[in-house]
Amino acid sequence: MAISTINKAHTNDDGISNPVICPKCDKTAGMRLFTVVDTSMVAKIAKEDKDVSIAVCPHCNSIFSVAKNYARERAAGTTVIMTESDLLPLERK
């Protein structure tokens, strides 16, 4: 018997960014980019942000939220350059 879950998140691999200095470890690297799309009913009813772009540093494995304008322009096919200001560290609470 299959049990349906409430969480329905899909992760897309968006490749690697241009070299940028990691705000956590201060090493220059191309960040691995992902987009997480929440298609659950909870997100639709709560009107939460359904698309979240994240970046992962290959040196220290820190996870960052990517600025909305950078993610939107990159998804539209515009040539964009990521800077340290486009990365917001995600902290566990």
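Reader: Why is serine 17 called buried at 6% relative accessibility?

Author: Buried means under 20% relative accessible area, exposed over 50%, and partly exposed in between (1.4 Å probe, protein chains only). Serine 17 comes in at 6%, so it counts as buried. Bear in mind that this is a predicted model, where local features need pLDDT of at least 70, side-chain atom pairs count only at pLDDT 80 or more, and totals for chains, interfaces and linings use all residues. Residues are numbered from 1 along each chain as its sequence is written, and side-chain values use heavy atoms, with hydrogens and water left out.

Reader: What is serine 17 in contact with, leaving aside its neighbours within four places in sequence?

Author: Contact means heavy atoms within 4.5 Å. On that basis serine 17 touches Gly30, Met31, Leu33, Tyr70, Arg74 and Met82.

Reader: What makes aspartate 13 and arginine 32 a salt bridge?

Author: The term asks for a side-chain nitrogen of Lys or Arg within 4 Å of a carboxyl oxygen of Asp or Glu. Here the N to O distance is 2.5 Å, between the side chains of aspartate 13 and arginine 32. The pair joins distant parts of the chain, 19 residues apart: aspartate 13 sits in strand S1 (residues 9-21) and arginine 32 in strand S2 (residues 28-38). Strands are DSSP runs (E, at least two residues), as helices are (H or I, at least four), numbered from the N terminus.

Reader: Why is aspartate 13 called partly exposed?

Author: Its relative accessible area is 45%, so it falls in the partly exposed class. Arginine 32, at 32%, counts as partly exposed too.
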